[in-house]
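Subject: The structure I promised you

Hi,

Could you open it and follow along as you read?

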Amino acid sequence: MLLTGKEYLASIRDGRKVYIGSELVEDVTTHPAFRNAAKSFADIYERKRAPENRDVMLCEEDGDTFSAYYLLPRTREDLQRRFETHRRIASWTHGLIGRSPDNFPSYVSGLAMDPAMFDRIRPGFGDNITKYYRHMRKNDIFASHTVTNPQGWRMAPGDAATRTSPTLRVVAEDDRGVTINGLKMLGTATVFCHETWCGNLQPVAPGNEKETITCAVPLNSPGVSIWSRKPYERYARSEFDSPLAARYDENDAAVLFENVHVPWERVFCHDNIEMTRAIYMLTPGHAMANHQANVRFLEKLKFIVGVAGKLVEMNSVGQIPAVQFTLGRLAAMQATLEGLIMGQINCGEAQTQPFHTVNRRYVYAALHWCTNHHAEICDTVRELMGAGVFQMPADASVFDDKVTREKFEAYWSVPGQTAKSRMKLLNLAWDLLGSDFAGRHMQYEKFYAGPGFVMNMYSNSTAPWKSWTAEVDTLLASYDAPK
Ligand SMILES: Cc1cc2nc3c(=O)[nH]c(=O)nc-3n(C[C@H](O)[C@H](O)[C@H](O)COP(=O)(O)OP(=O)(O)OC[C@H]3O[C@@H](n4cnc5c(N)ncnc54)[C@H](O)[C@@H]3O)c2cc1C
């Protein structure tokens with residue numbers, strides 16, 4: 001089944017509890033803090049089933065029609081198809097929506113490649129992951145993942161005995177399933193999803209086995225509430241003033257579970273400190289989801305570089321060699337990332353037989369590159385922007401009054417450019433690089449896959465150290481000290 005945009009919107013009018021501060025939101029599809037972002041997600045649902053995208057983006061198997069981001073790749077061509085699916089989805093929002101509907105399915109597709117691993121955690125969990133994958137793809141499910149625990153509560157061994165943490169944990173078990181209670185961070189796009197996957201990408205301390213619960217929960221389940229951070233869409237005065245915040249604020253939210261019952265069929269790990277994290281790395285799940293994230297970043301990078309080019313045009317500085325060097329550096333950075341992503345597809349690997357999945361080392365190198373270069377790229381483009389944005393009137397109300405509108409056009413325009421067109425571009429650039437919305441993006445690109453030092457660890461743990469050091473050993477063995 002493939003939801004239309006309208007059906008998607010109807011499906012999230014489901015009685016979920018979303019809070020903005022103390023305000024309980026009745027309908028996220030019509031509320032001024034969320035409605036345009038909801039429409040952006042609906043557009044993705046609509047466009048992925050449109051005739052011009054079907055060849056690439058839709059698959060059929062076992063009587064199901066589903067999105068290509070559920071395709072379990074067996075060849076290089078399958079990887080190319082997944083790449084193009086992610087690329088088109090990201091391009092529709094200029095890479096500004098990180099947790100689009102193709103993100104979490106990439107995790108689940110990778111996890112579902114190894115049901116036997118889940119059965120080793122507990123017999124039956126393998127069947128659970130297979131069925132969950134099928135449920136998601138059959139019903140066109142949009143899921144977020146909340147796999148981070150509240151800051152300040154990642155306890156050392158032994159703390160569990162003396163402190164009660166608000167971190168999500170199992171508080172009861174029965175024949176039908178488990179009851180969970182507590183808080184999970186940070187569910188990007190959860191406000192707009194059908195379900196969330198709770199788990200742990202960070203270590204859980206021994207003694208806290210009940211926190212290792214990994215399960216999927218519909219967001220309208222009794223006891224679930226979603227606590228939004230400040231929604232930038234609400235403060236976007238108009239599309240002209242804040243064109244990105246007005247459309248693409250995917251939202252981030254803490255998710256609270258108060259004695260929520262989860263049936264065993266939706267439990268994938270329980271009472272297992274090691275496996276609650278390891279499931280993502282021992283399967284292609286983590287690499288496939290972060291491949292999507294890399295492709296999404298590439299589309300955003302093209303957009304940022306495009307804005308740089310427009311700013312240079314606007315200020316008529318493109319003939320200055322120093323500016324050309326700057327643009328050349330940005331273009332080289334974009335090509336570097338694109339090449340790294342091509343390597344993920346062209347040098348795929350057989351991590352889990354019989355599947356052919358993206359090259360993990362190149363995924364982690366790209367993740368490392370993106371995390372470490374995003375702020376520098378933004379800073380470069382801010383430098384090209386100069387102070388132009390602060391030379392503009394406060395907001396689009398300048399056009400409401402004949403006198404202010406005419407004065408603005410008379411004094412702020414330059415030959416070949418209206419004052420309005422300059423203000424429009426500068427508002428866009430500021431929303432991309434300097435506004436509240438942009439500030440959240442700075443933090444997102446630093447943290448969405450974990451803190452910076454973890455990016456180094458992914459590259460360290462997947463590197464072929466043995467073969468590199470063996471080569472050194474071979475050379476060392478070829479000579480000795482003089483006798
Ligand atoms: C906008 C945004 C969206 C996000 N979306 C999601 C999402 O959809 N799902 C999800 O599960 N999570 C999401 N996250 C959360 C993300 O996974 C975490 O931010 C990340 O894992 C880091 O955890 P933390 O924020 O608790 O930082 P902490 O773990 O508290 O770390 C903060 C800083 O402390 C220092 N530090 C801490 N521990 C160490 C250490 N061992 N060694 C060295 N330095 C250390 C580092 O400087 C680190 O950057 C999102 C985060 C942001 C900002």
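To start you off: does N259 count as buried or exposed? With 12 C-beta neighbours inside 10 Å, N259 counts as exposed. The cut-offs work like this: a residue is buried if 20 or more other C-beta atoms lie within 10 Å of its own, exposed if 12 or fewer, and partly exposed in between, with C-beta atoms placed from the backbone.

Two things to know before you read on. This is a predicted model, in which local features need pLDDT of at least 70 and side-chain atom pairs count only at pLDDT 80 or more, while totals for chains, interfaces and linings use all residues. Residues are numbered from 1 along each chain as its sequence is written.

**The whole protein**

The secondary structure comes to 19 helices and 12 strands. Here helices (H or I, at least four residues) and strands (E, at least two) are DSSP runs, numbered from the N terminus. The protein is as compact as a globular protein of its length, because its radius of gyration is 24 Å, close to the 23 Å that the globule rule gives for 483 residues. That radius is taken over C-alpha atoms, and the rule is 2.2 Å times the number of residues to the power 0.38. Along its principal axes, the C-alpha trace spans about 80 × 75 × 55 Å.

Of the 483 residues, 44% count as buried. As for contacts (two residues whose C-beta atoms, placed from the backbone, lie within 7 Å), take those with a separation of 6 or more: residues 24 or more positions apart account for 74% of them.

**The ligand**

The ligand is surrounded by 20 residues, and the closest are T148, T188, Y444, F447 and P451.

Which elements each supply at least two residues of the shell? They are β5 (143-146) and α17 (436-447). Of these, α17 gives the most, with four residues.

Have a look at β5 while you are there. Both of its faces are covered: A143 and H145 on one side are buried, and so are S144 and T146 on the other. Two strands pair if DSSP finds at least two bridges between them.

**The open sheet**

Next, find the open sheet of six strands, which has the order β2-β1-β10-β11-β7-β6 with mixed pairing. Its edge strands are β2 (23-25) and β6 (169-173), each pairing on one side only. β6 runs antiparallel to β7 (residues 177-184), and four bridges join them.

Most residues other than glycine have a negative phi, and most peptide bonds are trans. Back to N259, which is found in strand β11 (residues 253-263): its phi is near 50°, a positive value in a residue other than glycine. A189 also has a positive phi, near 70°. A189 lies in the loop between β7 and β8 and is buried, with 24 other C-beta atoms within 10 Å.

There is a cis peptide bond too, joining Q353 and P354, with omega about 0°. P354 sits in the loop between α13 (321-346) and α14 (360-385).

M117 lies in helix α6 (residues 115-121). M117 counts as partly exposed because it has 18 C-beta neighbours inside 10 Å. M117 and I279 are 162 residues apart in sequence, yet 7.9 Å apart in space, C-alpha to C-alpha. Leaving out residues up to four places away in sequence, M117 touches I279, L282 and T283.

L426 is in helix α16 (residues 419-433) and counts as buried, with 21 C-beta neighbours inside 10 Å.

Happy exploring!

Methods
Near = placed C-beta within 6 Å.
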